[in-house]
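Visitor: I would like to go through this structure with you, one question at a time. Could you begin with the surface?

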Amino acid sequence: MEFLKDRHDAEVLDNAQKLLTCSVCLEYMQSPIYQYSKLHSDACHNGHTICSSCKAGVLNKLCPSCRQELGDIRCPELEKMAESLVVNCKYKEFGCPDINIPYCTRFIHEDSCKFRQYSCPWFGYGWACPAVGDIPFIVSHLRQHHKSFVHKTCYFKRQFIFPDIYKYQNYTSVDTILKCFDRYFSLRAQGHLIGSIPVFIAFINFIGNQVDANSYRYSLEIRESGQKLSFEGIPGSINSESRSKMDGLIVMGSRVHSGVETRDINLVVTCGIWKPGFGCATLVG
């Protein structure tokens, strides 16, 4: 009988979580949850639910599931049900021992869970690496599969050479990992052409979630012909898709050649990583 009860409880939880799945992004919904009820003439007649993030992205006021016109109705029944649920971490299958997490706090837990799965940040030549794993796996994978080097330092100088940018037009480098404050950061660089103008972009990603990344700052700097060009910012998570194309150290035109008559991108970048309150980064040219 105990087995039957446990099985019934599992089925009830599974059905509840299905009800709490957004019909658009297929992720679990947080409050506020919106429902489009057939009781309203201006609403979706099929009663689909949608999370607040997806609702904000709907521009034509049509239900993304069935194309009926949307209303603006909260679904308190689902919100109350969510508040009463306790669930397992979605990374349980990867080793997370945390169970009976209140549904309303599961997203905070899962964002910082040490068993959280991340996508490999390596990409190039129009191809992104499909490998997925936790932070130790990603670091090991970058070292072994992509031949990245780990440097245990918060300050680093790296020369980037991208041969004949006018011929090959597109380069990506993700071969430098910095271990600083016992966390891992990836120094990334890209070279490409905008029309006939060569462009070099460098930035640092945090191998972890964005909440933890916000605790750090980084700076990148180049010195060429007595001039200095620098950038300072907050590292983005390797899983973040919100990094602006203008977020990083950007070098354009003849400066990418370091004053040398060449078709190569050839730059020496000095980087520093620090935590506010732990002292400032001083880059030595």
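Guide: Before the surface can be discussed, one definition is needed: a patch is made of residues with over 30% relative accessible area and no salt bridge, and nonpolar side chains are joined to one another within 5 Å. The model is a predicted one.

Visitor: Which residues form a nonpolar patch on the surface, and what is their accessible area together?

Guide: One member, Ile 197, is found in strand S13, which spans residues 197–206. With a relative accessible area of 39%, Ile 197 is partly exposed, and a residue of a patch needs over 30%. The patch is formed by Ile 194, Ile 197 and Met 252, and their accessible area together is about 270 Å².

Visitor: On helix H5, which exposed residues are carried by the face turned away from the buried side?

Guide: The buried residues of H5, a helix of residues 135–144, are Ile 135, Ile 138, Val 139, His 141 and Leu 142. They cover an arc of only 165° around the axis, and therefore they lie on the same side of H5. The face turned away from that buried side carries the exposed residues Pro 136 and Gln 144.

Visitor: Which strands do the buried residues of H5 pack against?

Guide: Contact here means heavy atoms within 4.5 Å. By that criterion, the buried residues of H5 pack against strands S5 (118–119), S8 (132–133), S9 (149–151), S11 (170–180) and S12 (183–194).

Visitor: What is the N to O distance in the salt bridge between Arg 106 and Glu 110?

Guide: Arg 106 and Glu 110 are 4 residues apart in helix H4 (residues 106–112), and so about one helical turn separates them. Both Arg 106 and Glu 110 are buried. Their side chains meet in a salt bridge with an N to O distance of 2.9 Å.

Visitor: How many residues apart in sequence are the parts tied together by Arg 183 and Asp 212?

Guide: The side chains of Arg 183 and Asp 212 meet in a salt bridge at 3.5 Å, N to O. Because Arg 183 lies in strand S12 and Asp 212 in helix H7 (residues 210–213), the pair ties together parts whose separation in sequence is 29 residues.

How values were computed:
Residues numbered from 1 in each chain as written. Predicted model: local features only at pLDDT ≥ 70, side-chain atom pairs only at ≥ 80, totals over all residues. Heavy atoms only, no water. Patch = residues over 30% accessible without salt bridge, like charges linked within 9 Å, V, L, I, M, F, W, Y side chains within 5 Å. Areas by Shrake-Rupley, 256 points an atom, 1.4 Å probe, with all protein chains shown as cover. Salt bridge = Lys/Arg side-chain N within 4 Å of Asp/Glu carboxyl O. Helix = DSSP H or I, 4+ residues; strand = E, 2+ residues; numbered from the N terminus. Buried < 20%, exposed > 50% of the residue type's maximum accessible area, 1.4 Å probe, protein only. Arc of directions from axis to C-beta.
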